[in-house]
Amino acid sequence: MQRPQKTLRRLQLTLAMTALLSTSPTWAQEWGSYLKPFAADSLWNSRPVNPVFDNFVIPTDTYFPAVTNNTYSTGIFLASPDDPPVTVKGLTGSKGLFNTDDENYHDVTIPHWPAAARAAPGTDGHADIVDPTTGIVHSLFKLKQEGTQWTAAMYAWTRIDGRGWPEPGHYYQGARATGVPAAAGIIRTHEAAQKPEYYKHALAMSLSYSGLSPNPAYVFPATSADTYAATRNKGSIPEGSLVMLPPDFDTSRISNAEVRRIAETLKRYGAYIVDANIGTPFVIYAEIGSDANPSPSGWNNTVANELQSVRAGLRRVISAESWVDGNGNKFTPNQNLNLLSMRGNWTQQSGSVLGKFSSWDQAVVFPATSSVSEVVNYSNRGMNAVTWAKPVMGASYTLTARTTNGGKLRMSIYDQLAGKVVFDSGYLANGESKTFTWNANSPRLALYAQSGVGNSTAVGGQLLKAN
C-alpha cells in the first residue's frame, strides 16, 4: 500500500513544480530567485577551470556515504506578499532566539510566513524561507511549532541575489556551520524531477569528523566552522573547501542513475563542505520530498558501494586556473570583502534619539529627529576575527561611508599595545572615503554614527583592502 502512495506523492510534487516553472513570474526563473538562488557568479553557481587537487582521501567511517532528502536536510519555502507576518521566539527554556548577525537574543518577526513552512524532522530542524518581496532568505535552526507559536534556536539571513556565502563583516548568514543557509547547494525538487545529466550548481556536503581538518577549521569562502572543530576533527579538509571528482573518474561504471547524476555534478561543479556530521564519510543534501534519493525503497548494496567509490575518488580543490560563472563568463572569485559591521552596543553621545543596529539594513538606524543625534560603539564588535580576512600590517585599507538622509560615519582605531589612536577617519558623509595604512597590532575600534535632520537616517560603512 505504501509504494503507490509514494508514487502518487512524487507525481503530485512533479506536477506542482512543473506548474510553478510554467506560471512563475520572470524573476522566479532568473539568477537570484527561489528557483535559482544567488548571483550567476556566486561560487554555488560557478565551476573551476583546470582545478588542482590535494591527495587526501576522505576516510571510511561508521556508516556508508549518503544522499539525504529527509530528516537532516531542509525544506525551502516560497513566501508571497500576501502571507502574514509571524514572530519567531526562542525555544522554551532558552535564553531566547539567537540572532547570529547582531550576536544577541531577541524575537524576529518574519514579514511573510508561508503556510507550507515546516521544520525538517531531524534534531537540526532546518527551514529556509525565501521572500522575493524583501529579497531575503530567512534561515532557521531547530525550528519548532509549540502550539500556535513558532520557536527556534537560531536565526540568520542572506540575500537571495547575493554571493550565497557570508562576508567577514556579516560573517554568519545561514543555519549551517559555515554560515550559509541550508538552501545553498541543495538539490531542489524541481531539478530532481527533470532528471538531468547533472545538476548545474555546486552541491552542499557534510563530512564526518574523520575527514574534517582541525586547523584550519575553515577556509574561504567559509567564515566559520563547527564549535568543536579543534578537538573533534581528525582529517585534512577544512569546512568551506570545494571537493570534486577528477576528470578521469569513470562515471559509466555507476549503474544507479541518481548516483551517476551526482557524480557527473561532482566532476563539473563539485561540492562545498558546509557542515559536520557524525559517522558518515559524506552526506549530500537534497530538498525534503525531492526524488534525489538514490535508494528510495531503503537499503541498497549497489548504491552504497557506488557511493563508496565516489568517496574514494573525491579530492579537495586547492587551486584553479580560473572560474566560469553561471552565464559562462570567466572571473576570479573576490576575496576582498567588507570587513566592517555596525553590530554592538551603541550609547548616546548627544541629541535626543538613540540609533540602533538593524541587521536587515546593515546599518545603525535613527528615527526621524529635528536635531542631530550621535551614538558611539566601543564594543569592538565592528570587525569579526575571520581567519583569512584579518587586516594585514602595512597594507592599505579604505573606509567608505554608506549613509542616508545626511547621516555620517566616523571610525577610530586605538592600538592597545602602543597605547594610542593610530587612525581617525573624521566624519564621512555618504560615499566619502578615507584610505589609511593598517598599523595596529592590537586594535580596538570605536565607531560613531551621526544622524541627519528630518527623516529617519541609516548609517553604515564598508572597509576594504585598497587596490
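Figure 1. The model shown here and in the following views is predicted. Eight names make up the buried set, given in the next view.

**Figure 2. Buried residues of helix 5.** Within helix 5, the buried residues are V303, A304, E306, L307, Q308, V310, R311 and G313.

**Figure 3. Start and length of helix 5.** A side-chain oxygen of N300 lies within 2.9 Å of the backbone nitrogen of T302 at the start of helix 5. The helix comprises 13 residues (residues 301-313), which should span 18 Å at 1.5 Å a residue. The C-alpha atoms at its ends are 19 Å apart, in agreement with that expectation.

Figure 4. Five helices and 31 strands are present in the protein chain. Its radius of gyration is 23 Å, close to the 23 Å given by the globule rule for 467 residues, so the chain is as compact as a globular protein of that length. The C-alpha trace spans about 70 × 50 × 45 Å along its principal axes.

**Figure 5. Burial, contacts and surface of the protein chain.** Of the 467 residues in the protein chain, 54% are buried. Among contacts between residues at least 6 apart in sequence, 73% join residues at least 24 apart. The accessible surface of the chain is about 20,100 Å², and carbon and sulfur atoms account for 50% of this surface.

Conventions: Residues numbered from 1 in each chain as written. Predicted model: local features only at pLDDT ≥ 70, side-chain atom pairs only at ≥ 80, totals over all residues. Heavy atoms only, no water. Helix = DSSP H or I, 4+ residues; strand = E, 2+ residues; numbered from the N terminus. Expected span 1.5 Å × (residues − 1). Buried < 20%, exposed > 50% of the residue type's maximum accessible area, 1.4 Å probe, protein only. Polar contact = N/O pair within 3.5 Å; in protein donor to acceptor, adjacent residues only side chain to side chain. Rg over C-alpha atoms; globule rule 2.2 N^0.38 Å. Contact = heavy atoms within 4.5 Å. Areas by Shrake-Rupley, 256 points an atom, 1.4 Å probe, with all protein chains shown as cover.
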